[in-house]
Amino acid sequence: DVQSNRSGDTPAPLGRVDAVVVGAGFAGLYMLYRLRRLGLSVRVYEAGGGVGGTWYWNRYPGARCDITSMDYSYSFSPELQQEWTWTERYATQPEILRYLEHVADRFELRAHIQLRTRVTAAAFDEAADRWVIRTDDGASVSAGFLIMATGCLSAAKVPDIEGLEAFGGERYHTSHWPHGGVDFTGKRVGVIGTGSSGVQVIPAIAEQAARLFVFQRTPCFSVPARNAPLEAAHESWMKANYAEHRQRARETRAGVIMDVDPRSALEVPPEERERAYQARWEQGGTGFLATFSDVMRSREANETAAEFVRSRIRATVRDPAVAEALSPRGYPLGTRRLCVDTGYYETFNRENVTLVDVKASPIEEITKTGLRTRSAEYTLDSLVFATGFDAMTGALTRIELRGRGGEPLAARWADGPRTYLGVAVAGFPNLFTITGPGSPSVFSNAIVSIEQHVEWIADCIAYLRERGFACIEATAEAEEGWVAHANEVAGGTLYPLASSWYVGANIPGKPRVLMPYAGGVGAYRKRCEAVAAQGYEGFSLS
Ligand code: FAD
Ligand code: N01
């Protein structure tokens, strides 16, 4: 029903489907499953050569999730969650990819997915109340609904450093890692970036490379993962209690059950506070943020957690100058994504690893043979960019999306993304954004947020079809109200104090707006449910 026109000679006849979904990661696969169950004809377009999204692309050594595997998985199918066995507390990228491939097979999704096809543009045809979607193979398709499952962290960013193209060695971005892997044996390797990807890839490369130079601009806070094989007793407990466990997780702030100490960090004596942080450090993982109830609310409380991490860095890294350079200062812990590592700080005790502080001495140029900072030159065989993403909006604005009156989304969002509930945009009827800006998305276990959005969108489409509506659109007032609410919630948090990708600070010229919704997934879900229960309050239906 959808015709390709790679030759570009004659325009192919316009195919028609009920819905187009863009992206075949966790979000796109589940969206497809739900829409098929409603009986819709669906076409999924995926730029990658396989399903899996994040887990298809990010194949760098050390890549794994930092939400425990049994939580970082779908809950929609009780059979699936009983059948599948995770091997480790935090699953590796290959294992998560195998899981998503299994999901695509088990639910017979593949026939509806067109791989290696990038959506380049989509325009809303007001006369027909339909979207016309164009792909990079020259084809077009008309769809009643357009659902963006394009991912919050899928538009990779390589910084614009002078001389980039001149580099004579091999270069890699963590999220475009070669499928066959990379052998760094005997190589002099440079890694730029010390966020979550850098923290995972650096220890792995250090074990192989002859020399590793870590070019760090902003030190991160990282807590140990304490990864281990999944214990059989834990697995059987979870499988016996899965439904209840998942339901509880949906009602939390971040989509994961954390044992939050209700006290303030400031009300307990210093020795007890230290013991509490130490206990969480030993446990491993992001539960560290829950050591006290105000770690993410009070700057002063946060500083006690931050100083604890710095003390662990000093205790781990033998060279005091290196330990100091690795110690984050000037922003609260957790306001840039907390990293979770396996042997990250220990890596800087290795003879073959050198930390280069490129805040103190900025990178000036990439040369044919390596990299030059203001104070030194480094000869490199390979350069790894762990430099992140144009997060939340990049995958959307890289598509020429035009709503009513032909207005491009990128222009509409020039001063920052504006949505209603993070799932719809005024002036863009019948368009849904899964985990879009303005929804909890990256402030949560992504799978919990993805499932909630997919189910809400599927229910909405079912509602429209049952009542004979062709079109749903967020009103400008509802969008305005949501943006104001989201900004107000953001203003009450510590997040705006950091220059992070959460606020767009990593992309030159990107407006500084806290993009994810900071009100918590539990409260947000209730809000979405109430909107639906009121006949889609804040939307006009026609
Ligand atoms: P994605 O998995 O990003 O999939 C989007 C897909 O859309 C991609 O395959 C992309 O190719 C495709 N696409 C985009 N634009 C187009 C286009 N124009 N045309 C066609 N196709 C397009 N989250 C957590 O909650 N816990 C974790 O532990 C965690 N670990 C992570 C580790 C890494 C290395 C990274 C990068 C992210 C991690 N995340 C984690 C966030 C992660 O992105 C989400 O958990 C989740 O995988 C997102 O799924 P998605 O389907 O929404 O998006
Ligand atoms: O990207 P990042 P990421 N010169 O943006 C540096 C998820 N994830 O891919 O901050 C020098 O966090 C930049 O420095 P600075 C998770 O949500 C999860 O690591 O700009 N340095 C920073 O250090 C995460 O938050 C996992 O000063 C430059 C780094 O590159 C998100 O994905 C694993 C530079 C980029 O860090 C993104 O993480 C991986 C330049 N010109 C990813 N440009 C899990 O474990 C950039 N940098 C769950």
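In the predicted model, an oxygen atom of ligand 2 lies 3.3 Å from a backbone N or O atom of A386, a polar contact being a pair of N or O atoms within 3.5 Å. Side chains take part as well: a polar side-chain atom of T218 is found 2.4 Å from an oxygen atom of the ligand, and an N or O atom in the side chain of Q200 is 2.9 Å from an oxygen atom of ligand 2. Taken alone, ligand 2 exposes 920 Å², of which the protein buries 86% (accessible areas by the Shrake-Rupley method with a 1.4 Å probe).

The shell around ligand 2 holds 21 residues, among which S197, R217, T218, R336 and W501 come nearest, where a residue is near if one of its heavy atoms lies within 4 Å. By class, this shell divides into seven nonpolar, nine polar and five charged residues, with Asp, Glu, Lys and Arg counted as charged and Gly counted among the polar residues. Helix α5, which spans residues 196–208, gives the most to the shell, with three residues (helices are DSSP runs of H or I with at least four residues).

The second largest pocket has a volume of about 830 Å³. Of the 30 residues that line this pocket, R253, A254, L289, M296 and Y495 are the closest to its centre. A pocket is here an open set of points on a 1 Å grid over the protein atoms alone, where a 1.4 Å probe fits, with protein on both sides within 12 Å along at least five of seven lines, and lining residues have an atom within 4 Å of a point; the volume is the space filled by probe spheres set on the points, which are joined across faces, edges and corners. The lining comprises 16 nonpolar, nine polar and five charged residues.

Residues are numbered from 1 along each chain as its sequence is written, while chains are lettered from A and ligands numbered from 1 in the order in which they are written. Local features need pLDDT of at least 70, side-chain atom pairs count only at pLDDT 80 or more, and totals for chains, interfaces and linings use all residues, while side-chain values use heavy atoms, with hydrogens and water left out.

Conventions. A polar contact is a pair of N or O atoms within 3.5 Å; within protein, one must be able to donate a hydrogen and the other to accept it, and residues adjacent in sequence count only if both atoms are side-chain atoms. Helices (H or I, at least four residues) and strands (E, at least two) are DSSP runs, numbered from the N terminus.
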